[in-house]
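Dear colleague,

I am handing over a structure that you have not worked with before. Please look through it below, and then read on for what was found in it.

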Amino acid sequence: MRTALARLATPAVRTHLGTVAGIAILAVLFWRLGTGVFLDGLRRIDGVSLLLALGIGLVTTVCSAWRWAIVARGLRIRLPFGPAVADYYRALFLNAALPGGVLGDVHRAVRHGQSEGDLRRGVKAVVLERTAGQIALFAVGAVVLLVMPSPVLDEARHIAPLAVLAALGALAVVLALRMNRPAPSPRGRRLRAVLAEAREGLLSRRNGPGVVVSSAVVLAGYVAMFVLAARVAGTAASVAVLLPLAVLALLAMGLPLNVGGWGPREGVTAWAFGAAGLGAGRGLAVAVVYGVLSLVASLPGLIVLVARWYTGLRAGSRASAQAQEPAPAPQGDYASEVSIEKYAPKESARLARSSFPFTAEPSEGRPMTPESV
């Protein structure tokens, strides 16, 4: 049993389980609602909606890259803004194209850390940047679900007091343990260092405003993409009605049980639209259109991926060509040069005989005297 649990805890198995879960969710939805809803959503997408998706994706990606650069600066690691935008686009495309939905973020974290010679800080910058986005989603989502009419309004209002009490209890326990501990343990010191870096990267006076503004703009862009998908799918509901449904869909997208983002988003959106009286089939169509528009918005990442692959391929071929070039042949006869070097008088000796003022050779058999010199 212990061996089986250890195997289930590996990242590869978790990724495969998430992929299987996402496929199962989609299979159940298509079985219950049919594939006609899926095809209808695809047919409604036109060129104008694709251009709008690209524009919204540009705004959200630039602001996300800005937030990443701010967090990296707080961790004292270099990240220029231009490469940050390109790397973020590539990560978005990989997230949408590969199972799990997070492999693109893992790639940009490892690549940035290796390029700067500090893998730990590179990974930490990406983790904190993604955490900032999730905190903004949870904070805004809690307010929206508690205030605006939604299918989970009653449940949210019942759960909210319990969640607040649980948070206060956990805070009290942490404070009590901290006051009664005579000296911090090594684990406590590491945790304190991690919290200090997170506070510096996200909540400092220098970085906090930028993180808040960028997170708000990114979240607004995601909601705008959802409203655009609803309009393309033929939903005439107001933005006030769609906003809680968008929050539920975005929360579902954070679950690691998807295939490139597909799975829980479609299931939760279909259920939320059905509970709101808008029709589960319409909700599935909205989720499908949202997935396609998000994939289109990430397509510049494919261009970045191909361009950097081509650049690396050319650099590798140029290096191999230079390595295969023969060394330049020596000029002249090597043996004659060796003989000349061996038997010719040294340059220092010639200079000494010609230029040093108190050196002379005896002539006519007379002894060396100052007058002869």
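Is Glu116 buried, partly exposed or exposed? Glu116 counts as partly exposed, because its relative accessibility is 27%, where buried means under 20% relative accessible area, exposed means over 50%, and partly exposed lies in between (1.4 Å probe, protein chains only).

Before the details, please note that this is a predicted model, in which local features need pLDDT of at least 70 and side-chain atom pairs count only at pLDDT 80 or more, while totals for chains, interfaces and linings use all residues. Residues are numbered from 1 along each chain as its sequence is written, and side-chain values use heavy atoms, with hydrogens and water left out.

Overall picture

The protein has 16 helices and zero strands, both taken as DSSP runs numbered from the N terminus (helices are H or I with at least four residues, strands are E with at least two). Of its 373 residues, 34% count as buried, and the protein exposes about 22,500 Å², of which carbon and sulfur atoms supply 69%; accessible areas come from the Shrake-Rupley method with a 1.4 Å probe, and for residues only the protein chains shown count as cover. Among contacts (heavy atoms within 4.5 Å) with a separation of 6 or more, 69% are between residues 24 or more positions apart.

The average pLDDT, which is the predictor's confidence in each residue from 0 to 100, is 79, and 76% of the residues score at least 70.

Salt bridges

A search of the whole structure finds nine salt bridges, each being a side-chain nitrogen of Lys or Arg within 4 Å of a carboxyl oxygen of Asp or Glu. Glu116 forms one of them with Arg78, the closest N and O atoms being 3.3 Å apart. Since Glu116 lies in helix H6 and Arg78 in the loop between helix H4 (47-74) and helix H5 (81-97), the pair ties together parts that are 38 residues apart in sequence. Arg78 counts as exposed, because its relative accessibility is 55%.

Asp87 and Arg90 form another salt bridge, with 2.9 Å between the closest N and O atoms; both residues lie in helix H5, three residues apart, or about one turn of the helix, and both are buried.

The side chains of Glu129 and Arg108 also meet in a salt bridge, at 2.7 Å from N to O, and this pair links distant parts of the chain, with Glu129 in helix H7 and Arg108 in helix H6, 21 residues apart. Glu129 is buried with a relative accessible area of 0%, and Arg108 is buried with 1%. Salt bridges that share partners join Arg67, Asp105, Arg108, Glu129 and Arg130 into one network.

Nonpolar patch

A nonpolar surface patch of about 570 Å² is made by Leu98, Val102, Leu103, Val106, Val110, Leu119, Val123 and Val127. Patches are made of residues with over 30% relative accessible area and no salt bridge, like charges being joined within 9 Å and nonpolar side chains (Val, Leu, Ile, Met, Phe, Trp, Tyr) within 5 Å. Helix H6 (103-116) and helix H7 (119-147) each supply at least two residues of this patch. Val123, found in helix H7, counts as partly exposed because its relative accessibility is 33%.
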